[in-house]
Amino acid sequence: MNMFSLTNYPGHKSKLLSIIIPLLPKCEVFYDVFSGSSVVGLSQSAPTVFIDSNPHLQNMYSHLSHPSFLAQLEEMIEQYGLTNSSRIPRKEYLKSDDVGFVTWKGERVKNFHLDNLNKGGYQQLLDDFNTGLMGTKLSQACAYLIANLYGRNSNCSYQGDRLFGSVGPLDFSVRAKKKLEQHQQVMQDRELTWVCDEYDSINPGPADFVYLDPPYAASNFKYGGTWNADDDCRLLEWVSQLPCKWLMSNTLQSGDRKNEQLLAWSQQYSVIEVDKTYRQWFSKGSKSGGQKKNREVLISQMALPDVTNMGQAVT
């Protein structure tokens, strides 16, 4: 099954699963480290431990399979007066005068997004989350998913216990609901554990496997925190000492930025380069999201195969 990321999580690997999954060997326990969207761990069958430092993300994923998750999610959407185009077609919402107008190429035209309809409810949800009014872990999980689905770039940021974001053009659409149901189906009868901790908290054995998708130092993207060359150095030293097989996703170059430390370290291992272009996110005041070319790689102490039509060896 081709897993799609439930949220627009930075750097999710949905489009690279056809390359990554065939490279994964059988193991006793699969560790998905810096798990983010969790799509890699969910796309293989071994008992899996997902490790990430984002407490809200891990709480959300650990509750997706709760039998009341979808019902409570939709109840919360209704409670905050948000649109739900999985139930009412988007075109019906857009008939409202409250969608407002926008300036497009110098002309005033009707808004064809849902942001004006959801702005008040979205901000109220964030306020209630940040003041502790989401009383249960399940309600916090639902609120975090809503904050992402309805947020600008279908994402929200966090600092400690607080969420930050601005409303975006989308909502809980038919497609979003299908992705949620796909996740719930894949999670059935699986031994899955989500842990909020650092990568070096795990203690894998020789029969286990570790997949890592750390922050990319070359990209300079903060992933809700900070990551620098010193962090990269400590991670690479730790990976070199793992007692089991492992595979790492990373980027040697992002735009004009290069990770020389990673390039030097990777020479002792098997490396393949994958063809992936990321869409740059819109930032306030920018004219276009554009495209950004990365030298994205997979690195392993395993002998990686010739991946003609999948990727190319790095020399």
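A residue is called buried when its relative accessible area is under 20%, exposed when that area is over 50%, and partly exposed in between (1.4 Å probe, protein chains only). The model on display is predicted: local features need pLDDT of at least 70, side-chain atom pairs count only at pLDDT 80 or more, and totals for chains, interfaces and linings use all residues. Residues are numbered from 1 along each chain as its sequence is written, and side-chain values use heavy atoms, with hydrogens and water left out.

Select Trp238, which counts as buried at 17% relative accessibility. Rings of Phe, Tyr and Trp (its six-membered ring) pair if their centres lie within 6.5 Å; planes under 30 degrees apart are stacked, over 60 edge-to-face, and the rest tilted. The structure holds nine such aromatic pairs. Tyr199 and Trp238 form an edge-to-face pair, 5.1 Å centre to centre with 65 degrees between the planes.

**Second stop: helix H4**

Helices (H or I, at least four residues) and strands (E, at least two) are DSSP runs, numbered from the N terminus. Select residues 69–79, which form helix H4. Which residues of H4 are buried? They are Phe69, Leu73, Glu74, Met76 and Ile77. These cover an arc of only 155 degrees around the axis (taken from the directions from the helix axis to the C-beta atoms), which puts them on the same side of H4. The face turned away from that side carries the exposed residues Ala71, Glu75, Glu78 and Gln79.
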